[in-house]
Amino acid sequence: MKDENQIIFLGTGGGRSIMFSQARRTGGIFIELDKTRLLIDPGPGSLTTAKELGLSLRGLDALLVSHIHPDHSTDANAVIDGHADDENFILIAEKHVVNPTKETYPVISRYHQGLCKKYAVGPGEKIKVKNLTITTTPARHSAPAVGFRIAGTKIISYPCDGSYFRGQEKYYDSSDILILNVLAPFPNDKKMAKHMDVEDAIKLINAMKDKPKLVIIQHFSFYMLRADVRKQAKIIEKKTGVKCIPARDGMKLDVDSLGVEKKGLEKFIG
Ligand SMILES: [Zn+2]
């Protein structure tokens, strides 16, 4: 296997309607950095999309699940099952994902939790995964959630779902790449509660002392798609001065050059 520092989007849809229609896929994000391989938030279609792209998910070092919602977690048991013989395989999951309460619901089965090295986390934890350090960060979403700051020779940040809150920027300072789940466009007249809109994204980026080199927006709703995600990315770019691109299903980003490979699942581009 060739060593690469890359991010591959196994889906760029977000929310219930997109997930159910698969107008955009919902397979989460694959990251390979410093010979360490991670899968984040595998919603439905993660395994089948990886297969279509010719990406083998064998030998992942860790699975990261930010919160319980199905568009982030449905394929998690299957991914763990595929690593049943790997005693070093790590699961980092927001704690309700592995320990349901009365207000939440089971996501990863007890059996599958027993197949991996498990970290049930809240914000503010630091976990070493092979050559990377993963810090969990707070999020303001409709379910308990954590974001991730993934640090190695590059820093990749993923605040996960949730609206902007004051002070959020300090967790993602000095990131090379910031991946934002932006569900609503500008102007936003629907105000989806506890979800990031374009205005939130601009606030977060502009509040940073050391802005990222690249912002990628994804996790699109129909509302966001109808507003044209390319146009929305341009608004963010103009208001922040940071290059911003909308992710496509199957998009591959080279982490070192920040270049995007043209291929991908063209027929699914929304
Ligand atoms: Zn969610």
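Mentor: Contact means heavy atoms within 4.5 Å. Keep in mind that this is a predicted model.

Trainee: Which residues have the most contacts inside the largest nonpolar core?
Mentor: That core has 32 residues.

Trainee: How many residues does the second, separate core have?
Mentor: Its members include Ile8, Leu10, Val65 and Ala143. In soluble globular proteins, nonpolar side chains tend to be buried together. The count for this second core is 24 residues.

Trainee: Which residues are the protein donors of the zinc ion?
Mentor: The donor atoms lie 2.2 to 2.5 Å from the zinc ion. In sequence, the donor residues follow the spacing H-x1-H-x71-H-x19-D. Read in that order, they are His67, His69, His141 and Asp161.

Trainee: Is the site of the zinc ion tetrahedral or irregular?
Mentor: Four donors count as tetrahedral if all angles lie between 85 and 135 degrees. Here the angles among the 4 donor atoms run from 90 to 175 degrees. The site is classed as irregular.

Trainee: Why does His69 count as buried?
Mentor: Buried means under 20% relative accessible area. His69 counts as buried because its relative accessibility is 19%.

Trainee: Which strands pair with S9?
Mentor: On one side, 6 antiparallel bridges link S9 to residues 132-138, and Thr136 stands opposite Phe148 there. S9 also has 4 antiparallel bridges to residues 155-158, where Ala151 stands opposite Ile155. The partners are S8 and S10.

Trainee: Why is strand S9 largely enclosed by the rest of the structure?
Mentor: Strand S9 covers residues 146-151. It forms a hairpin with S10, with 3 residues between them. S9 is largely enclosed because the buried share of its residues is 5 of the 6.

Trainee: Is Gly43 buried or exposed?
Mentor: Gly43 is found in the loop between strand S3 and helix H2. Leaving aside neighbours within four places in sequence, its contacts include Thr26, Gly28, Pro70 and His72. Its relative accessible area is 0%, so Gly43 is buried.

Trainee: How many Å apart in space are Gly43 and Glu94?
Mentor: In sequence they are 51 residues apart. From C-alpha to C-alpha, the distance is 15 Å.

Terms used
Residues are numbered from 1 along each chain as its sequence is written. This is a predicted model: local features need pLDDT of at least 70, side-chain atom pairs count only at pLDDT 80 or more; totals for chains, interfaces and linings use all residues. Side-chain values use heavy atoms; hydrogens and water are left out. A nonpolar core is a set of buried Ala, Val, Leu, Ile, Met, Phe, Trp, Tyr and Cys residues joined through side-chain atoms within 4.5 Å. Buried means under 20% relative accessible area, exposed over 50%, partly exposed in between (1.4 Å probe, protein chains only). Donors are N, O and S atoms within 2.8 Å of the metal (3.2 Å for Na, K and Ca); water is not among the atoms, so sites may look incomplete. Four donors count as tetrahedral if all angles lie between 85 and 135 degrees; four count as square planar and six as octahedral if opposite donors are over 155 degrees apart and all others between 65 and 115; anything else is irregular. Helices (H or I, at least four residues) and strands (E, at least two) are DSSP runs, numbered from the N terminus. Two strands pair if DSSP finds at least two bridges between them.
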